[in-house]
Amino acid sequence: MTQRDRTAVALDAAAKGIIEQLQEDGRRPYATIGRAVGLSEAAVRQRVQRLQEQGVIQIVAVTDPLQVGFRRQAMIGIRADGDLNELAERVAAIPEVDYVVVTAGSFDVLVEVVCEDDEHLLTVLNDAVRALPGVRSTETFVYLRLHKQLYNWGTR
């Protein structure tokens, strides 16, 4: 499901509390979450399953790419012609891509890639990204060091 296919899901206070608890610790037991939000363990389990099915949350292991053999991360800014949504979907299909966003500003699309090394990055950039129809130019921002990356922004 693409971002544009999604519609906002109304979240009550309990659902927001569950999300915030899981953002702090994705392995937190349902019973612990239930005590924090005032629901039974079974009710939390059902709510979490529903939130996953609705595409509101994913529960995943977030790795440090360096620790699992990926020595090069980069952000690629793309200037493009044509349908940006179509281009974004094509870019998203590239296995090394982990983040795609259509933007306003000097780039039309921003893409984050995780690669094994510089040679792998060059292959992805040249053979996959720049070869796509509609890509006019790219600018690559190689990550030297990650200082902050959080997933605990809570709910509104």
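A pocket here is an open set of points on a 1 Å grid over the protein atoms alone, with protein on both sides within 12 Å along at least five of seven lines, and its lining residues have an atom within 4 Å of a point.

**Ground rules.** I am working with a predicted model, where local features need pLDDT of at least 70, side-chain atom pairs count only at pLDDT 80 or more, and totals for linings use all residues. Residues are numbered from 1 along each chain, and side-chain values use heavy atoms, without hydrogens or water.

**Pocket.** I looked up the second largest pocket and found Asp64, Pro65, Leu66 and Phe70 in its lining, along with Arg71, Arg72, Gln73 and the run Tyr143, Leu144, Arg145 and Leu146. I noted six nonpolar, one polar and four charged residues there (Ala, Val, Leu, Ile, Met, Phe, Trp, Tyr, Cys and Pro are nonpolar, Asp, Glu, Lys and Arg charged, the others polar).

**Annotated stretch.** I checked UniProt next: an unreviewed entry lists residues 11-71 as "domain: HTH asnC-type", and such annotations may be inferred rather than shown by experiment. I get 54% helix and 0% strand over residues 11-71 (DSSP runs, H or I of at least four residues for helices, E of at least two for strands).

**H1 on H3.** I see H1 (residues 13-24) packing on H3 at about 85°, axes 11 Å apart (lines fitted to C-alpha atoms over the stretch in contact, angles from 0 to 180 degrees). That makes the two helices, H1 and H3, roughly perpendicular (65 to 115 degrees). The contact (heavy atoms within 4.5 Å) includes Ile18 and Leu22 of H1 and Val48 and Leu51 of H3.

**H2 on H3.** I find the axes of H2 (residues 30-37) and H3 (residues 41-53) within 8 Å, crossing at roughly 100°.

Definitions and conventions: 1 Å grid on protein atoms, 1.4 Å probe; cavity = no way out; pocket = protein on both sides within 12 Å on 5 of 7 lines; lining within 4 Å. Parallel < 35°, antiparallel > 145°, perpendicular 65-115°, else oblique.
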